[in-house]
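Please look at the sequence and the fold before reading on.

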Amino acid sequence: MTSTARARRSAGLSSPPPRRLIAALSLGLAVSTLWAAGASYYLVFHDEVLARFVSRQSAMQFTYEERLGTLQRALDRSAAESVAARGSVESRLATLIERQALIEKRQGLLSGFGGAAASIDMPPLAPAPVADTAPRVRKPFPTPGLRMGGEDRVEIIGHDSAARLSRLEDALQRVSEAQSRSVAGIARQAARSAERFRDLIARTGLSPARFDAPPAGVGGPLVPLGTDAFESALADARRQIDEETHLRRVAAALPFRQPLPGDLTFTSSFGARLDPFTRGYALHTGVDMRVETGTPVQATAAGRVTAAEYAGGYGNMVEVDHGRGLVTRYAHLSGTAVSVGQRVEAGTVVGFAGSTGRSTGSHLHYETRIDGEPVDPQRFLRAGAQLVFAD
């Protein structure tokens, strides 16, 4: 120990603090300073920090609630659309069921047309020179089925309902259009047939109006038809079929059949000719046909016998009244097979060929008269050649 140190210790003075202590004190001072600064900052800015925190929390809550509201509205809208779609499907399905029932009803009406035009016992017209393209065979239309059980209804609604209903609607529309075309074809076919009968009757010199029934008492309120294509075509078809049926009846009453079987051989025509006995010109009121004695002579149309007797120059003669002023006569018969007042049909044997009365040989004198006036029988025989008779 030096003299200086000994002098200090003897004077009671301590040694200076070590550096470690100084560093610890400095660190403590720094921490205290920082704590004081933080506490001061917290005290100063506490409200602002809290406000920011609360604002962030409120914004997060608002965003969450907005998203929840959006999802809820979407769910509500989806549920409403689902209910509306189900109601729409139910409505469309009910409409389809009604439409199918209407189509089935119309098909029943179409099926009834099958024998309407052929209900009259009259031979059909021979085939026309122009091919008839109208449908003659009308098969039932296949109609798409609508299953109406509870499970099936749910199935239709639940599985691709819009597409399935659209297919059903398209199928029913095609069937409806086909029915309208079919009934329109029936109307055209009946109109063509009526026109041919009308022309056939006109060839005889008669008017179809001559055979119209007198007007009956009719009336009632006017109820216009709708614009539905099928209903309009159906009304036209019924009108055409009624007209064709009437003309069939008229044709059935006319003497269109031959009075003799086989091919006819005419030996004298209607009109002015040289009389075989006087050799002067005279009116021949009928046509003569060569035939062997005893050959059956047939009525050319249905009617009632008004004469069956010997009638001067006619010899044995049968007269048949066909109504509406139309009469046929069969003369020079060797014998008669009917009596006055008897009803005969077309093809009924009324007598047998011969050469009685004013005759030069075996033949048949055949007459047609309208309102008592003789007309050329060839009119009716030529027109009748256009018919096909079912014997």
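Predicted model: local features only at pLDDT ≥ 70, side-chain atom pairs only at ≥ 80, totals over all residues.

Residues are numbered from 1 along each chain as its sequence is written, and side-chain values use heavy atoms, with hydrogens and water left out.

**Strand pairing**
- Helices (H or I, at least four residues) and strands (E, at least two) are DSSP runs, numbered from the N terminus.
- Two strands pair if DSSP finds at least two bridges between them.
- Strands E6 and E7 run antiparallel and are joined by six bridges. Val305 has Val320 in E7 as its bridge partner.
- E6 (residues 303-310) is also joined to E10 (residues 343-344) by two bridges, again antiparallel. Here Arg304 is partnered by Arg343 in E10.

**Positive phi**
- The hairpin of E6 and E7 has five residues between the strands, and Gly312 in it takes a positive phi near 55°.
- Arg324 is not a glycine, yet its phi is positive, near 55°. Arg324 sits in the loop between E7 (316-323) and E8 (326-333).
- Asp371, also not a glycine, has a positive phi of about 55°. Asp371 lies in the loop between E12 (363-370) and E13 (373-375).

**Exposure**
- Buried means under 20% relative accessible area, exposed over 50%, and partly exposed in between (1.4 Å probe, protein chains only).
- Arg324 counts as partly exposed because its relative accessibility is 44%.
- Asp371 is exposed because its relative accessible area is 53%.
- Phe256 counts as buried because its relative accessibility is 3%.

**Phe256**
- Phe256 lies in the loop between helix H5 (229-253) and strand E1 (266-268).
- Phe256 and Pro377 are 121 residues apart in sequence, and their C-alpha atoms are 9.4 Å apart in space.
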